[in-house]
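Here is a short report on charged side chains and how they pair. Look at the sequence and the structure first, then read on.

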Amino acid sequence: MSRLAEVRYRAATTFQRRLNPLLRRLPLQTVLETTGRVSGLPRQTPVGGRRVGDSFWLVSEFGDRSQYVRNIRANPRVRVRIRGRWHTGTAHLLPDDDPVARLRALPRLNSTAVRALGTDLLTVRVDLKR
């Protein structure tokens, strides 16, 4: 990883560690809940994305360095809180998808932040159960 990418990663994760505990408490904030790969405990991460039919799409800004991506690799069963309502589903990591193109279809504010801070973009699709 380049020096600039490392600085961006550290700045973003420092910011997220402080802000995420507050954001995930907001009732309308979209939250991805994974199961911790070591602890087995639920881990909630505020995310930006969009529901399209029975799928929820998001882009991880740090790919395999994101803890929630590592948790998905260990256990793809997740929950997503969308507009205050929890949905269960199965997450799929899509390294062959074009994450920059995907970001154009997702909410603009989050997509701008992901493009600005991201160093290793990775598309994630969650197939929601009915």
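Glu-33 has a relative accessible area of 13% and is buried. Buried here means under 20%. The model is predicted.

Which residue does Glu-33 meet in a salt bridge? The partner is Arg-79, and the N to O distance is 2.8 Å. Arg-79 counts as partly exposed, at 30% relative accessibility.

## What the pair links

Glu-33 belongs to strand S1, which covers residues 31–35. Arg-79 belongs to strand S5, residues 77–82. The pair ties together parts that are 46 residues apart in sequence, because each partner sits in its own one of these strands.

## Charge pairs in the whole structure

Side chains of opposite charge can pair when their charged atoms come close. How many salt bridges does a search of the whole structure find? The search finds five. Among them is the pair of Arg-79 and Glu-33.

## Two further bridges

Asp-97 and Arg-102 form a salt bridge too. Their closest N and O atoms are 2.9 Å apart. Arg-102 has a relative accessible area of 23% and is partly exposed.

Arg-125 and Asp-127 also meet through their side chains in a salt bridge, at 2.8 Å from N to O. Is Asp-127 buried or partly exposed? Asp-127 is partly exposed, with a relative accessible area of 26%.

Conventions. Residues are numbered from 1 along each chain as its sequence is written. This is a predicted model: local features need pLDDT of at least 70, side-chain atom pairs count only at pLDDT 80 or more; totals for chains, interfaces and linings use all residues. Side-chain values use heavy atoms; hydrogens and water are left out. A salt bridge is a side-chain nitrogen of Lys or Arg within 4 Å of a carboxyl oxygen of Asp or Glu. Helices (H or I, at least four residues) and strands (E, at least two) are DSSP runs, numbered from the N terminus. Buried means under 20% relative accessible area, exposed over 50%, partly exposed in between (1.4 Å probe, protein chains only).
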